[in-house]
Amino acid sequence: MESDTGQRTALDTTDRKIIHALFLDGRVSFSRIAEILGVSDQTVARRFRRLQRRHGLRVVCREAAAATDAEWLLRLRCTPGRAGAVADLLARRDETHWIRICAGGAEVVCGVTESDAHPHEALVDELLPATRATVVLAAHRILHTFRGGRTTLPSLTGALSDDEAGRIRALPAAPAPPVVLDAQDRVLLAELARDGRAGYAPLGIATGMAEATVRRRLGALLDARAVYFDVDLDATSLGYTETSLLWITAAPARVDAVGRAIAAVGDVAFAAATTGPSNIVASVLSRGTTDLYRLVTSIGAIDGVDRLAADPVLRTVKASGAVSSAGRAGTSGRSASRGS
């Protein structure tokens, strides 16, 4: 792959298998991965650290949206030179989970999880007076996700064979009964949002629970599908140099078929049906202008697509709930993770 002091190179098969394993179980042990791949524990640990250092690999635990929660995409038009300040302000809010600057630096697009505690109208009401530089172009409520959330790029989840993947972690065929998150769970998830592979000892200290209790509780949350592990990875590690948002209008009767067809395109990181001026939004990855042209024309040719507008992402400010380094290309709103 690379030397510790060398430049980043393409991910090899072992790297991709380690990443795939982490998508399936963010806390799977290095020894378990090593056993399945037929390499040493030290090799897996060394590869993991190098993926962190050179490719921005980060494992995080995310709370699944509750049935009463709503996901929104907010498009905010900013006065010249103010998009960065608006994006930074949004990045500090817990309810925002990804933020991008688009339209040549004049527009901020963010993903917001709305709940009783965090209605999206309150976010907008607080944001506009604070910035005096923003108008809301559109608020799109996500109605159905075709790609994203618990699904991700085929290029990241096709490395392990079905047998190897089945040996990582087998979830129950059906979710366990729903669980209600309490104050200790919130602390636990906050710690795992920073580092999904944090040790049980420090997690126990942070939550005030015994290590064994933390282990059991996290297993229960996973079995109930209340949380899932996500993997953040610099998109350039996969050969991508650009991320773009596609705002698509499809004939109402064709929305589902069009959305599924878009999600089947290999370079689509996220696709969802939404409310608003356009009824489908997608996040696509490309390797330059020619590649983006190929994507736009192929998606535009899908039967049922009436209109399509491509909006290149200038900068990802927040990804997977964490503030991103300036200018980093991402494979979702956020890098190569499973969100928008």
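I looked up the contacts of T249 and found that, leaving aside residues up to four places away in sequence, T249 touches P277, S278, N279, G304, V305, D306 and R307. I note that the model is a predicted one. I then placed T249 in strand β7, which covers residues 242-250. Is T249 buried or exposed? Its relative accessibility is 13%, and because buried means under 20%, T249 counts as buried.

I listed the buried residues of α3 as T43, V44, A45, R47, F48, R50, L51 and H55. Against which elements do the buried residues of α3 pack? I found α1 (13-24), α2 (30-37) and β1 (58-63). Just after α3, I recorded a positive phi of about 65° at G56.

My last entry concerns two further helices, α8 (residues 183-194) and α10 (residues 211-223). I found that their axes come within 12 Å and cross at roughly 85°. An angle of 65 to 115 degrees counts as roughly perpendicular, so α8 is roughly perpendicular to α10. Which residues meet there? From α8 I noted D185, L188, L189 and L192, and from α10 V214, R217, L218 and L221. I sorted the residues of this contact into six nonpolar, two charged and no polar.

Notes:
Residues numbered from 1 in each chain as written. Predicted model: local features only at pLDDT ≥ 70, side-chain atom pairs only at ≥ 80, totals over all residues. Heavy atoms only, no water. Buried < 20%, exposed > 50% of the residue type's maximum accessible area, 1.4 Å probe, protein only. Helix = DSSP H or I, 4+ residues; strand = E, 2+ residues; numbered from the N terminus. Contact = heavy atoms within 4.5 Å. Axes fitted to C-alpha atoms, helices over the stretch in contact; angles between N-to-C directions. Parallel < 35°, antiparallel > 145°, perpendicular 65-115°, else oblique. Nonpolar A, V, L, I, M, F, W, Y, C, P; charged D, E, K, R; others polar.
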